[in-house]
Amino acid sequence: MDQERDQNISENRENVAEDSGDSIDRELDAAMAELDAAIGKLPKAAIELLREHRDLAVPRLIEAVRSAAAGAREGDLPEGNAHFLALFLLTEFRATEALPAILEAVCLPGELPFDLFGDTITETLARILPVLADDPPEVLDALIANEELNEYVRWEGAQSYIILVRDGRISRAEAVARLADHLRILIDRDDAPVAGYLVNVLVSLAPREARELIDEAYDRGLVGPWITGRKQMEQSILEGDVWVQKELDRCPATGIDDTIAELETWAAFSEKPPPARESAEPMANIAQAPTPAWSEPTTTPTPAPQLPGRKTGRNEPCPCGSGKKYKKCCGRNS
């Protein structure tokens, strides 16, 4: 009798555990649906629930990114935002297993990375890669060297090197050496857009060791004045460590510590009516990022030459003074 009673108790516990697991799965599926439907208001309760069940949430978040990328590759862009919010949550969770899916999405051809993630590509990707990559330089070098990728994605790979230096994960000298190796190849290929971007990043690191190489890039017209002027490069070398420290101090925080805190001030998730403005591209009007911490704020609409560490947003006025957006003018091939 006692044996039969113990067996019944054990079976009841198993049934309760199974029912509880099913309930959690349903709640997490509902939370993912809330993420997908999020426009105009950040789904904080859903985010908190996913945080409580991090290990169960991660595979769902990865699948959201992966399926969005697969659909985009076939010309079927997602209507919802689960993949967008998943990018932030996976970074917050330090889910290194998500890196392949994220790389697949950001390495899509042409404008597809921006169709999926908007200006998050240019404002946040450089902070994400050092967190999720077990060997960041290997991942960053692969991005920079891949000629098939969107130039902005390749630039963000280079920008991540500044964060790695700031965090003490590699030395300034190693970062300069690696970036200079890429620059040598780009100069030989006459790859103007990405060569200019690499010079911009190198200038943040007072690249005295690469001075001759950078001069060659300028002499061959591969560095537009709206990216980084030669005077800034010379000034960086003159100031040396003082310059580098100022640039490192301006770096944004590595990774995402709190998705809610990161996104709740964004216009796309503000409950206040946004000011009237020109409609932007699909994801850019869903999640416009604030000015990155390493950028000098723009105080007037007058276009100006780029400062070290300052890149023109794709939807900002082109610094050449044409009156067009950067992406439609000097950045149209970027």
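**Close-up views of a predicted helical model**

**Figure 1. Contacts of Leu183.** Beyond its neighbours within four places in sequence, Leu183 is in contact with Ala195, Leu198, Val199, Leu202, Leu213 and Ile214. The model shown here and in the views that follow is predicted.

**Figure 2. The chain as a whole, for orientation.** The secondary structure comes to 16 helices and 0 strands. The chain has 334 residues, of which 51% count as buried. Among contacts with a separation of 6 or more, 71% are accounted for by residues 24 or more positions apart.

Figure 3. Leu198 has its place in helix α12, which covers residues 192-204. Its relative accessibility is 1%, and Leu198 therefore counts as buried, the cut-off being under 20%. When residues up to four places away in sequence are not counted, Leu198 touches Ile144, Ala158, Leu179, His182, Leu183 and Leu186. From Leu198 to Ile214 the C-alpha to C-alpha distance is 9.4 Å, and the two residues are 16 residues apart in sequence.

**Figure 4. Packing of helix α5 against helix α8.** Two packed helices are described by the angle between their axes and the distance between the axes. Helix α5 (residues 99-106) and helix α8 (residues 125-132) pack at an angle of about 150°, and their axes are 11 Å apart. Because an angle over 145 degrees counts as roughly antiparallel, α5 is roughly antiparallel to α8. The crossing of the two helices is left-handed. On the α5 side the contact involves Leu99, Ile102, Leu103 and Val106, which meet Leu125, Leu129 and Leu132 of α8. The residues of this contact divide into 7 nonpolar, no polar and no charged.

**Figure 5. Burial of helix α5.** Of the 8 residues of α5, 6 are buried, so the helix is largely enclosed by the rest of the structure. The buried residues are Leu99, Ala101, Ile102, Leu103, Ala105 and Val106. Among them, Leu99, Ile102, Leu103 and Val106 also take part in the contact with α8.

**Figure 6. Packing of helix α8 against helix α10.** Helix α8 also packs with helix α10 (residues 151-166), at an angle of about 65° and with the axes 8 Å apart. Here the crossing is right-handed. From α8, the contact is made by Leu125, Ala126, Arg127, Leu129 and Pro130. From α10, the residues are Val153, Glu156, Gly157, Gln159, Ser160, Ile163 and Leu164. This set divides into 7 nonpolar, 3 polar and 2 charged residues. Leu125 and Leu129 of α8 take part both in this contact and in the contact with α5.

**Figure 7. Two loop residues with positive phi.** Arg94 is found in the loop between α4 (82-92) and α5. Its phi is near 55°, a positive value in a residue other than glycine. Arg94 is partly exposed, with a relative accessible area of 35%. Ala206 lies in the loop between α12 and α13 (211-219). The phi of Ala206 is near 45°, again positive in a residue other than glycine. Ala206 is buried, with a relative accessible area of 1%.

Note on methods. Residues numbered from 1 in each chain as written. Predicted model: local features only at pLDDT ≥ 70, side-chain atom pairs only at ≥ 80, totals over all residues. Heavy atoms only, no water. Axes fitted to C-alpha atoms, helices over the stretch in contact; angles between N-to-C directions. Helix = DSSP H or I, 4+ residues; strand = E, 2+ residues; numbered from the N terminus. Parallel < 35°, antiparallel > 145°, perpendicular 65-115°, else oblique. Left-handed = near helix turned anticlockwise from the far one by under 90°. Contact = heavy atoms within 4.5 Å. Nonpolar A, V, L, I, M, F, W, Y, C, P; charged D, E, K, R; others polar. Buried < 20%, exposed > 50% of the residue type's maximum accessible area, 1.4 Å probe, protein only.
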